Amino acid sequence: MQLWLGLALWLGALGPLLAPGSAGAEGPRKLQIGVKRRVENCGLRSRKGDVLTMHYTGRLEDGSEFDSSLGRAQPFVFSLGTGQVIKGWDQGLLGMCEGEKRKLVIPSELGYGDRGAPPKIPGGATLVFEVELLKIERRPEL
């Protein structure tokens, strides 16, 4: 399942390139970021290029779950801001602290676009993610 999400998040990053005009007639919608748990004395905030270790649960707007790392008890690890995940994650996870929890409401333009990620994510779907940042691995700058 993690492989599916990793592949789906990676393919989702290509969505705007593969499906131009997926913003719809009403124009592009915005990413919504809600902080569910703040961290006191945050010394390190996530930035582009960091390797993040996350737990997440992904749902459609109707509340149906399409994936979660929690059931596998294995967090998802990826490099932030490098196109490995959907744009909504690359944007919505910036500036997080270890231990912080957020709720991301990601419009389809920043997710999987009009084509979706069948069979679980239909085209045009808004995605709702509950995420928790477990670890930041800062890579030295070149």
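Read along the sequence, the protein follows the pattern α-α-β-β-β-β-α-β-β, with three helices and six strands in total. Helices (H or I, at least four residues) and strands (E, at least two) are DSSP runs, numbered from the N terminus. This is a predicted model, in which local features need pLDDT of at least 70 and side-chain atom pairs count only at pLDDT 80 or more, while totals for chains, interfaces and linings use all residues. Residues are numbered from 1 along each chain as its sequence is written, and side-chain values use heavy atoms, with hydrogens and water left out.

**Overall figures**

- Of the 142 residues of the protein, 45% count as buried; buried means under 20% relative accessible area, exposed over 50%, and partly exposed in between (1.4 Å probe, protein chains only).
- The protein exposes about 7,500 Å², and carbon and sulfur atoms supply 54% of this area. Accessible areas come from the Shrake-Rupley method with a 1.4 Å probe, and for residues only the protein chains shown count as cover.
- Among contacts between residues at least 6 apart in sequence, 72% join residues at least 24 apart, where contact means heavy atoms within 4.5 Å.

- Strand 2 (residues 51–60) is largely enclosed by the rest of the structure, because nine of its ten residues are buried.
- Two strands pair if DSSP finds at least two bridges between them.
- Ten bridges join strand 2 to strand 6 (residues 127–137), and the two run antiparallel. Val51 stands opposite Glu137 in strand 6.
- Strand 4 (residues 76–79) is also antiparallel to strand 2, to which four bridges join it. Met54 has Phe76 of strand 4 as its bridge partner.
- Strand 3 (residues 65–68) runs antiparallel to strand 2 as well, with three bridges between them. Here Glu65 is the bridge partner of Arg59.
- Strand 2 and strand 3 form a hairpin with four residues between them, and Gly63 in the turn has a positive phi of about 95 degrees.

**Aromatic pairs**

- The whole structure contains eight aromatic pairs. Rings of Phe, Tyr and Trp (its six-membered ring) pair if their centres lie within 6.5 Å; planes under 30 degrees apart count as stacked, over 60 as edge-to-face and the rest as tilted.
- Tyr56 counts as buried at 1% relative accessibility, and Phe76 is buried with a relative accessible area of 6%.
- The rings of Phe66 and Phe129 have centres 5.6 Å apart and planes at 90 degrees, so this pair is edge-to-face. Phe66 belongs to strand 3 and Phe129 to strand 6, so the pair ties together parts that are 63 residues apart in sequence.
- Phe66 is buried, with a relative accessible area of 3%, and Phe129 counts as buried at 0% relative accessibility.
- Ring pairs link Tyr56, Phe66, Phe76, Phe78, Trp89 and Phe129 into a cluster.

**Nonpolar core**

- A nonpolar core is a set of buried Ala, Val, Leu, Ile, Met, Phe, Trp, Tyr and Cys residues joined through side-chain atoms within 4.5 Å.
- Of the 26 residues in the largest nonpolar core, Phe78, Trp89, Leu93, Ile106, Leu127 and Phe129 touch the most other members.
- The elements that give two or more residues to this core are strand 2, strand 4, strand 5 (101–106) and strand 6. Its largest share, five residues, comes from strand 6.
- Residues up to four places away in sequence aside, Leu127 touches Arg59, Leu60, Phe66, Ile86, Leu104, Val105, Ile106, Gly111, Tyr112 and Ile121.

**Disulfide**

- The whole structure contains one disulfide, defined as a pair of cysteine sulfur atoms within 2.5 Å.
- Cys42 and Cys97 form this link, with their sulfur atoms 1.9 Å apart. The link is left-handed, with -105 degrees about the S-S bond.
- The pair links distant parts of the chain, 55 residues apart: Cys42 is in the loop between strand 1 (32–37) and strand 2, and Cys97 is in the loop between helix 3 (87–92) and strand 5.
- Cys42 counts as partly exposed at 24% relative accessibility, whereas Cys97 is buried with a relative accessible area of 2%.
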